[in-house]
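Subject: Structure handover

Hello,

Here is the structure I said I would pass on. My notes on it follow below.

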Amino acid sequence: MKKQGRRALKKHYMIYVAACLIAAFLAAEFKNSIEFSTAQTYEQSYEQIETDINAPDDPDRYIVKTTVRSVGWEEVLRTIIEGNTEAGEQMSERIRENAIEQAEDGNPVFGRTRGVFSGIVNQVSSGSIIVTVVAAVASITGSESMGVMVLIVLGALFIFGFWFLIQNTFPVVIRRVFLEGMNYKRVTPQRFVFLLRIRRWLKASWIMFVKYVFYSLWCLTIVGIAVKRYSYYMVPFIAAENPDMTARQAISLSRRMMKGHKWECFVFELSFAGWEILSMMTLGLFGIFYTNPYKTASFTQYYAGLRALAKEKNIPGSELLYDTYLYEAADPQLIKDTYADVLAVVDSAEEKEPELSGWRGVLARNFGILLFRRKEEREYEKHQAEMVRIYDLIDDTQGEAYPVRLYPVPEERRRKLVQSLNYMRHYSVWSLIVIFLGLSFFGWLWEVGIALVSYGNFVNRGALHGPWLPIYGTGAVLILTVLYRFRRNPALEFAATIVVCGFLEYMTSLIMEIATGGMKWWDYSGYFLNLNGRICAEGLLVFGIGGLAISYVIAPIVDDLVSRMGEKKLKVICVGLMALFLFDAGYSQLHPNAGKGVTDIEARGGLEDPSCAAAADGVSSAVRNA
């Protein structure tokens with residue numbers, strides 16, 4: 001079993017390690033492996049000085065006694081619970097002010113004075129969020145004690161909900177990943193959400209919850225602590241194979257499967273003692289990267305063996321373990337019938353796969369651009385759309401991944417809207433022009449709207465005179481073309497968008513500052529996690545989320561709308577709008593938009609000349625929000 005476990009670990013090392021590491025961070029399992037990092041936790045506090053002046057033996061003699069103690073948000077919570085909300089609020093404000101003061105004197109990367117992230121970090125670390133909740137409830141109910149009570153109840157519900165839905169259930173999730181890795185070459189990250197896809201997450205949570213309650217009750221007896229630990233050992237594996245069971249069925253089946261095997265399981269677990277010691281000697285690192293996934297993979301083999309034995313002996317309840325294709329390959333004819341649509345596309349691709357040659361093929365394959373919409377390009381695009389639909393199912397047909405369509409509990413099919421979006425599509429020049437101008441106009445509306453809401457004044461944002469901020473459109477086009485090859489993987493797309501947009505913003509800030517003799521055009525100093533005031537974590541997060549929205553939703557919808565227009569009409573509109581935009585850009589080089597309120601840099605001392613600051617906004621505001 002260990003040999004088979006090592007073989008499976010070698011095949012799926014990255015996803016097995018990731019599964020165990022996520023479980024450790026969620027404190028679902030293996031949490032001892034990351035306890036070495038708890039010493040690095042950071043808490044905001046301030047020093048509270050208490051002075052006591054007294055001399056009990058001589059009234060004329062005074063003794064000054066000073067006590068210095070560290071106060072954090074836990075002290076704020078304790079003070080509020082004791083009924084002194086006002087003192088807790090004052091304490092929270094002092095912690096917040098102290099944190100900001102330390103940030104200003106310390107590393108500028110950890111700014112705490114500006115931005116949404118700074119506000120969140122300050123609220124959480126100082127405990128002011130607790131004060132806010134209590135005050136809000138008190139204002140509604142008219143009672144501070146009721147506010148404290150609601151806070152306690154909400155906190156308890158949140159903790160229980162997180163445990164019940166995540167920590168309690170995640171052992172089932174990772175065992176499904178390990179089960180599929182036993183006999184298949186490929187396990188995708190999508191399998192982490194298999195319970196959601198079959199809509200059985202709550203059922204699995206309930207099974208594990210009942211198991212936890214039963215075991216907790218048995219722990220009140222001395223014998224039950226050890227015996228029932230091994231009686232219920234197989235429940236997560238059983239739920240991973242068939243989460244459609246009732247909790248009692250899963251627990252009873254585990255008891256029957258483990259009858260006569262508890263000591264054997266204990267000895268098998270004890271055989272990993274050396275690896276556990278090695279993990280402790282390396283402060284949990286060896287456990288993260290080897291022991292935890294190795295042990296889980298080996299016990300997955302152990303479950304498979306007990307399952308086969310239960311089937312052989314016809315143990316009551318074993319008929320509910322009917323996910324046959326976890327343990328054996330499906331019949332080729334069954335695969336052929338179930339995946340007929342997928343195989344049809346694969347066969348047609350092998351016979352005559354549409355391909356673009358020359359520079360058209362280079363642009364299509366590497367940047368997702370189709371310059372023209374001729375018959376050849378349309379056939380190529382249609383084929384690519386079909387390939388996107390069946391991309392995740394090809395491995396199933398080849399026996400390299402678990403055949404999800406043969407799972408006893410049918411998975412929810414992708415909605416037609418998702419299929420119609422075809423995020424791997426190629427964009428024509430005319431579609432890219434429409435997206436560029438549309439996003440530029442949206443960026444202008446966004447910034448004008450913010451200024452209108454914040455200050456009550458209309459401000460024509462940007463250095464150009466027309467209603468567009470071109471950096472928004474430029475960023476969208478770069479994401480769709482330069483990052484085309486990352487589009488099949490949303491996580492890589494998200495990370496690549498952050499890198500590209502962050503690099504663009506940083507370099508633009510640096511080059512413009514050098515070109516204008518040291519003038520700063522925007523400044524993120526004071527934002528939490530900023531780099532030299534040129535970029536910040538808050539902006540980069542917006543870049544990543546915006547990039548995903550553009551790639552997978554906005555751009556496909558726009559392209560669908562564009563494709564419905566007549567080509568001649570589309571060309572006339574695009575040429576006309578681009579001519580107007582280029583004229584505005586050229587005119588603004590000589591006469592930039594320098595209206596009042598275009599930028600807020602001068603208000604913070606970033607620019608000495610307000611007119612220069614206003615002229616700069618075409619780049620500054622746009623890049624800040626690209």
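Does threonine 397 count as buried or exposed? At 17% relative accessibility, threonine 397 counts as buried, since the cut-off for that class is under 20%. Threonine 397 is found in helix α21, residues 394-397. Leaving aside neighbours within four places in sequence, threonine 397 is in contact with Ile335, Tyr339, Val342 and Leu343. Please keep in mind that this is a predicted model.

Overall picture

The protein chain has 626 residues, of which 43% count as buried. Its secondary structure consists of 28 helices and six strands. Among contacts with a separation of 6 or more, 70% come from residues 24 or more positions apart. The chain exposes about 33,200 Å², and carbon and sulfur atoms supply 64% of that area.

In soluble globular proteins, nonpolar side chains tend to be buried together. The largest nonpolar core here has 69 residues. The members that touch the most other members are Tyr16, Leu195, Met234, Ile238, Met257, Phe299 and Tyr303. For tyrosine 16, not counting residues up to four places away in sequence, the residues touched are Ala8, Leu9, Val177, Phe178, Gly181, Met182, Pro293 and Ala297.

Two of those names, Ala8 and Leu9, come up again in helix α1 (residues 2-11), where the buried residues are Gly5, Ala8 and Leu9. Viewed down the axis of α1, these buried residues fall within an arc of 100°, so they line one face of the helix. Lys3 and Lys10 are exposed on the other side of α1. The buried residues of α1 pack against α2 (13-25), α8 (170-183) and α16 (285-313).

Aromatic pairs

A pair of aromatic rings is described by the distance of the centres and the angle of the planes. The count of aromatic pairs comes to 32. In one of them, the rings of phenylalanine 160 and phenylalanine 209 have centres 6.2 Å apart and planes at 90°, so the pair is edge-to-face. Phenylalanine 160 lies in helix α7 (residues 144-167) and phenylalanine 209 in helix α10 (residues 201-218), so this pair ties together parts that are 49 residues apart in sequence. Phenylalanine 160 counts as partly exposed, at 42% relative accessibility.

Tryptophan 163 also forms an edge-to-face pair with phenylalanine 209, at 6.1 Å centre to centre and with 70° between the planes. That pair links distant parts of the chain as well: tryptophan 163 is in helix α7 and phenylalanine 209 in helix α10, 46 residues apart.

Elsewhere, ring pairs link Tyr230, Tyr233, Trp263, Phe266, Phe268, Phe272, Trp275, Phe286, Tyr290, Tyr294, Phe299 and Tyr302 into a cluster. Phe299 was also listed above among the core residues that touch the most other members.

Charges over rings

Two arginines are worth a look. The charged end of arginine 175 sits over the ring of phenylalanine 237, 5.1 Å from the ring centre. Arginine 176 lies over the face of tyrosine 402, at 4.8 Å from the ring centre.

Individual positions

The loop between α16 and α17 (332-338) holds serine 318. Serine 318 is buried, with a relative accessible area of 2%. Apart from neighbours within four places in sequence, serine 318 is in contact with Leu253, Ala310 and Lys311.

Asparagine 314 is also placed in the loop between α16 and α17. Asparagine 314 counts as exposed, at 60% relative accessibility, and has a positive phi of about 60° although it is not a glycine.

Asparagine 532 likewise has a positive phi, near 55°, in a residue other than glycine. The place of asparagine 532 is the loop between β5 (530-531) and β6 (535-536). At 48% relative accessibility, asparagine 532 counts as partly exposed.

Valine 500 is in helix α25, residues 490-515. Its relative accessible area is 26%, and valine 500 is partly exposed.

Regards

Definitions and conventions. Residues are numbered from 1 along each chain as its sequence is written. This is a predicted model: local features need pLDDT of at least 70, side-chain atom pairs count only at pLDDT 80 or more; totals for chains, interfaces and linings use all residues. Side-chain values use heavy atoms; hydrogens and water are left out. A nonpolar core is a set of buried Ala, Val, Leu, Ile, Met, Phe, Trp, Tyr and Cys residues joined through side-chain atoms within 4.5 Å. Buried means under 20% relative accessible area, exposed over 50%, partly exposed in between (1.4 Å probe, protein chains only). Contact means heavy atoms within 4.5 Å. Helices (H or I, at least four residues) and strands (E, at least two) are DSSP runs, numbered from the N terminus. The arc is that of the directions from the helix axis to the C-beta atoms. Accessible areas come from the Shrake-Rupley method with a 1.4 Å probe; for residues, only the protein chains shown count as cover. Rings of Phe, Tyr and Trp (its six-membered ring) pair if their centres lie within 6.5 Å; planes under 30 degrees apart count as stacked, over 60 as edge-to-face and the rest as tilted. A charge sits over a ring if NZ of Lys or CZ of Arg is within 6 Å of the ring centre and within 35 degrees of the ring normal.
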